[in-house]
Amino acid sequence: MGKVYGILGWINFYSFTENKEKIFSYLPWFILKNKAWEIIQLKNWKKHNNHFIIQINNIIDRSIANKWTNTEIFINKNQLPKLKQDEYYWDDIIKCKVFNVTKKYLGTVINLINNKHNDILLLQNECEKKNIKKIMIPFVIGKIIQKIDIKNKIIIVKWN
C-alpha cells in the first residue's frame, strides 16, 4: 500500500498481479502487524490513473490511514489459479539457486523486478562472504533462462 489519498482515509494501492484488477478477487488480504497476522476488510476500491485507491473498513480519515503507508499485503496462496506446466509464480522462483550452463554457481534469487520489456531476476551470491554480490539477469526464457526446476529450486541460465 502506498501513500494516503485525500482526507477520507483512502490509500494508494499498487497491484503486481498480471491482470491488475485480479488482486481484488484474492480476498481476504492479510498484513503482518506486531508479529501477528491480521485480516484486512476492504470496504471499497477504485481505479486511479495507473493504480488503484482503496478504502479499508474503520479507516475514516487521513491520520489513521497514514499508519498503513508502505504496508505489504499478503494473500493465501491457495486462492491463486493452478498453473499450466512451465508456468511459475514469482514466489516459486524466489530462493532458487542459479547456475550458468557451465555449472558455475551465480547466486540465489532474492527478488524479481518487473520492467517494460521483461522481468529481471535479482540474485545474491552469498559464497563470497566479504564481497556479497548482487546480479541482475533478464528473465528471457529460451534465450537466457535455459531451464527452471521448481521441485529442486534450480535455474540454469546462459550467462557469465
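User: In what order do the six strands of the open sheet run?
Analyst: Strands here are DSSP runs of E, at least two residues long, numbered from the N terminus, and two of them pair if DSSP finds at least two bridges between them. This is a predicted model, where local features need pLDDT of at least 70, side-chain atom pairs count only at pLDDT 80 or more, and totals for chains, interfaces and linings use all residues. Residues are numbered from 1 along each chain as its sequence is written, and side-chain values use heavy atoms, with hydrogens and water left out. The pairing in this open sheet is mixed, and the order is β10-β9-β8-β7-β12-β11.

User: Which strands sit at the edges?
Analyst: An edge strand pairs on one side only. That picks out β10 (133–138) and β11 (145–149).

User: Which residue is the bridge partner of Ile113 in β9?
Analyst: Strand β8 covers residues 105–114 and strand β9 covers residues 119–125. The two pair in the antiparallel sense over six bridges. Within that pairing, the partner of Ile113 is Ile120.

User: Which residue in the turn between β11 and β12 has a positive phi?
Analyst: β11 and strand β12 (residues 154–157) run antiparallel and are joined by four bridges; Ile148, for instance, has Ile155 in β12 as its bridge partner. The two strands form a hairpin with four residues between them. In that turn, a phi of about 55 degrees belongs to Lys153.

User: What is the volume of the largest pocket?
Analyst: On a 1 Å grid over the protein atoms alone, a pocket is an open set of points where a 1.4 Å probe fits, with protein on both sides within 12 Å along at least five of seven lines; lining residues have an atom within 4 Å of a point. Grid points are joined across faces, edges and corners, and a volume is the space filled by probe spheres set on the points. Of the 38 lining residues, the closest to the centre are Phe16, Thr17, Tyr89, Trp90 and Asp91. The volume comes to about 1,800 Å³.

User: Which strand gives the largest share of the lining of the second largest pocket?
Analyst: This pocket holds about 180 Å³ of space. Its lining includes Ile31, Leu32 and Lys33, along with others such as Trp68 and Phe74. The largest share, three residues, comes from strand β3 (residues 29–33).
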